[in-house]
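Subject: The structure I promised you

Hi,

Have a look at it first, then read on for what turned up in it.

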Amino acid sequence: MAFLQLVRGLDSLKDQAKDAIWALSSCLCQQSARVKINGRTFNIVKVLGEGGFSFVYLAQDETSGRQFALKKIRCPTGSEGVKEAMREVEAYRRFKHPNIIRILDSAVVQDPEGEGQIVYLFLPLYKRGNVQDAINVNVVNGKHFSEKDMIRIFKGTCEAVRAMHDYHTTTGSQTQPQTTSSRMPAPSTSRDQHSNDHHSDEEEGEELLPHPEGDEDGGYSYGSSVNVPLMMKRRVDEGDEELSKIQHPENGNAQPGKSEHVPYAHRDIKPGNVMIADDGVTPILMDFGSTIKARIRIDTRSQALLQQDIAAEQSTMAYRAPELFDVKTGVTLNEKIDIWSLGCTLFAMAYSHSPFENTQTTEQGGSIAMAVLNAQYKHPSSAYSQGLKDLIDSMLRVNPKDRPDIHQVIQATDRVLQSLM
């Protein structure tokens, strides 16, 4: 497993170098890099973020002038990598909520260098950036969030998490998740028709870039039901079924047509994954690359080590729950993982850093993992209410059973907000 992580790390560094050189060369040449996807040309304005095998760019449609956040995921392993990327696409589609980012379009294309494939995800562009950006600005200016604004942003983030933790699906062969529309967009008759096709965010349905027929470059664009190429979709579905059997063996007894509670965990909640909408107050939860069904039974040591490795690769250390640092056998991991991360996120909004990124762990050689496992943190002196501090403390309990569920967190958040009115 360690060898696999090393190989992935080296591949990731290689891909990051390629993308960095591409972005740098475009700046030096005083012109934007261009990428053609689904018969449309996009100018790459700048890099917005990076991580693992992915880069996020500010992209502008050359024809319409519309701007997007374009996430580029390299899949050097071919179909297996594409399958993992498609899980993220499905996760974006699965949860319909005002505080969860919408996917506008996606495409799978052959890597022009011939090394695997690339998955592109078109996402809305939020010009205000994310909560971490706001925290950084506060640090530079010597300011802090007002408690009321902070609690409102936090509550909206919790509403998004509740949509994931409370997710229900209907069992049976011809079923759709309850929160997902099954309405398909009408097929396009002309590419030119869509190059200037603007959909208002307030209109019913999603703002899409629909080219469901694919294009001459081998790309595929997925509409509201993600029209995945058949063989790829079969592999994704089979993978989900196998994962479901492992995580939810009781599903084999489910009756068709019955509503079933299938909670999902985000597993990487942090300030950098909460965008701020253009109204300046609405939080938007994003980056679902680590999202999986929340409840995973751990019966063997190999299963435990696998979950540790997955968490190390996909979940940010300073916001990672203690049960993911040292996974025990005979337990079931669950959605309380996200509750811990929410506690860390609220702490960071209040004090500009994670509770476990302190002087001891960042400057004196201390271990973040040990600090997390022992819940070693302190509230800096501040003007924030005791109710806020108690809310943070309630989420940062080492034992998941001692943490509140998302409904209780929202109720406690409402009480803090009401005390500030």
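K71 counts as buried, because its relative accessibility is 8% and the cut-off for buried is under 20%. Keep in mind while you look that this is a predicted model. You'll find K71 in strand β4, which covers residues 67-75. UniProt, in an unreviewed entry, puts the feature "binding site" at K71.

Who sits around K71? Setting aside neighbours within four places in sequence, K71 is in contact with S54, F55, V56, E88, V119, Y120, L121 and D287. With E88 there is a polar contact, side chain to side chain, at 2.7 Å.

D287, one of those K71 contacts, is worth a click too. D287 belongs to the loop between β11 (283-285) and β12 (292-293). Its phi is near 60°, a positive value in a residue other than glycine.

R267 is another residue with a positive phi: about 75°, although R267 is not a glycine. Look for R267 in the loop between β9 (264-265) and β10 (274-276). Is R267 buried or exposed? R267 is buried, because its relative accessibility is 3%.

Rolling a probe the size of a water molecule over the atoms shows where empty space is left. Searching the whole structure this way gives two cavities of 30 Å³ or more. The second largest cavity has a volume of about 40 Å³. Its lining is made up of R267, D268, I269, S315, T316, Y319, R320, A321, L324, I337 and S341. Sorted by class, that lining has five nonpolar, three polar and three charged residues.

Some of those lining residues turn up again around T345. T345 is in helix α9, residues 336-351. T345 is buried, because its relative accessible area is 3%. Not counting residues up to four places away in sequence, T345 touches I269, K270, P271 and Y319. I269 and Y319 are among the residues that line the second largest cavity. S341, also in that lining, has its backbone oxygen 2.8 Å from a polar atom of the T345 side chain.

Next, go to E323 in helix α8 (residues 322-325). E323 counts as buried, because its relative accessibility is 13%. Which residues does E323 touch, not counting those up to four places away in sequence? They are L333, K336, I337, V398, P400 and R403.

Finally, zoom out to the whole chain. The protein chain has 13 helices and 14 strands. Of its 421 residues, 48% are buried. Now take the contacts between residues at least 6 apart in sequence: 66% of them join residues at least 24 apart. The contact between K71 and D287 is one you can pick out yourself.

Cheers

Terms used
Residues numbered from 1 in each chain as written. Predicted model: local features only at pLDDT ≥ 70, side-chain atom pairs only at ≥ 80, totals over all residues. Heavy atoms only, no water. 1 Å grid on protein atoms, 1.4 Å probe; cavity = no way out; pocket = protein on both sides within 12 Å on 5 of 7 lines; lining within 4 Å. Points joined across faces, edges and corners; volume = space filled by probe spheres on them. Nonpolar A, V, L, I, M, F, W, Y, C, P; charged D, E, K, R; others polar. UniProt positions renumbered as here; feature names shortened; annotations may be inferred. Helix = DSSP H or I, 4+ residues; strand = E, 2+ residues; numbered from the N terminus. Buried < 20%, exposed > 50% of the residue type's maximum accessible area, 1.4 Å probe, protein only. Contact = heavy atoms within 4.5 Å. Polar contact = N/O pair within 3.5 Å; in protein donor to acceptor, adjacent residues only side chain to side chain.
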